[in-house]
Amino acid sequence: MKPAPFTYHRPRGLAEALATLADVGAHGKVLAGGQSLMPLLSMRLASPEHVVDVNAVPGLDGVEVTRDEVRVGALVRHTDLERHDAACTAIPLLRQALRYVAHPTVRNRGTVVGSVCHADPAAELPAVLALLGGRVVAESTGGRREVAASDLYVGLLETCLRADELATAVVFPVPPGRSRSAVVEVARRGGDYAVCGVAALVRVDDAGGVDDARAAYVSVGDVPPVLDLTEPMRSGGPDAAGAYAVSRLRCEGDIHASAEYRLHLVGVLTARALREATA
Ligand SMILES: Cc1cc2nc3c(=O)[nH]c(=O)nc-3n(C[C@H](O)[C@H](O)[C@H](O)COP(=O)(O)OP(=O)(O)OC[C@H]3O[C@@H](n4cnc5c(N)ncnc54)[C@H](O)[C@@H]3O)c2cc1C
């Protein structure tokens, strides 16, 4: 199918992009990598009157790494971040998750910020952002604000960002020292969206004990859930944490998996991710 007709805008600067978004309001959509938006338009699951392509806006393609955070601009592609050694050394979880995002061709074009904004619960990066307690920088003609991941996701494919806002960056906090992470998934084929996935972050103390353990989930619920697994991890290890996760989460069935199978995966993958992170 072909998209419904729309007016295409290609602003050349941030101020022009924000002014265009303010003009078109709820009738417009930002186009970044197009890896999620274009299929939606082509299938007419979305039919905005205006598409605002931000690819010609300068200054949005940087990755900044400091001691405390990794800041990723709106035009940084998945591949750019995956190959960014300083960012992935500061937060190994980024590369651990990015290798599961689709295929290289999609990662070459799709953006990190686009994935975060698309708010697909089957995507890896919203879960990573939620697990790390990150935030999104949103700009409009009215100013700039920062939205915490815990406030960002309000429903399936839905964030609290306004139609006139452009997410100019996403900020991933660097986990404290002695943190270790792992991402594990089950997908029907390599590169497919996960039937279920788990990103785990564990902080160990000097004696190797568990200071803090938490996990975020992919393809579980409408928004990425984050669980504090510290107590079950301390008392019974990864298997106890897996059983705890099963007791706390609810899954839906779909054409890829029944609710029961997906919940079974929650338990198995939670234990596996924690084992891998602490190995
Ligand atoms: C075959 C295939 C397989 C895939 N598999 C996976 C997978 O396994 N895991 C995974 O995580 N993803 C997967 N994806 C999606 C891919 O990661 C996309 O790149 C990502 O979802 C969206 O990024 P984008 O830059 O392409 O955004 P776009 O498609 O351009 O936009 C997506 C949405 O986000 C909004 N948006 C984008 N950027 C901004 C911004 N800066 N500010 C405000 N709103 C914005 C758009 O308006 C739109 O609503 C797959 C895609 C394809 C085509």
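Predicted model: local features only at pLDDT ≥ 70, side-chain atom pairs only at ≥ 80, totals over all residues.
1. Let's start with the largest pocket, which has a volume of about 1,200 Å³. Its lining counts 49 residues, and those nearest the pocket centre are Ser36, Leu37, Gly114, Cys117 and His118.

2. Helix H7 gives the largest share, with five residues. Sorted by class, the lining of the largest pocket holds 25 nonpolar, 16 polar and eight charged residues.

3. Do have a look at the second largest pocket as well, with about 720 Å³ of space. Of the 26 residues that line the second largest pocket, Asp120, Ala122, Tyr193, Asp254 and His256 lie nearest its centre. Domain 1 (1–174) and domain 2 (179–278) each contribute at least three residues to this lining. Its class make-up is 12 nonpolar, six polar and eight charged residues.

4. Finally, a word on Asp164, which sits in the loop between strand E9 (158–159) and strand E10 (166–173). Its side chain makes a polar contact, at 3.0 Å, with the side chain of Arg162. Which residues does Asp164 contact once neighbours within four places in sequence are left aside? They are Leu21, Ala22, Glu139 and Ser140.

Terms used
Residues numbered from 1 in each chain as written. Heavy atoms only, no water. Helix = DSSP H or I, 4+ residues; strand = E, 2+ residues; numbered from the N terminus. Polar contact = N/O pair within 3.5 Å; in protein donor to acceptor, adjacent residues only side chain to side chain. Contact = heavy atoms within 4.5 Å. 1 Å grid on protein atoms, 1.4 Å probe; cavity = no way out; pocket = protein on both sides within 12 Å on 5 of 7 lines; lining within 4 Å. Points joined across faces, edges and corners; volume = space filled by probe spheres on them. Nonpolar A, V, L, I, M, F, W, Y, C, P; charged D, E, K, R; others polar. Domains from an automatic or database assignment.
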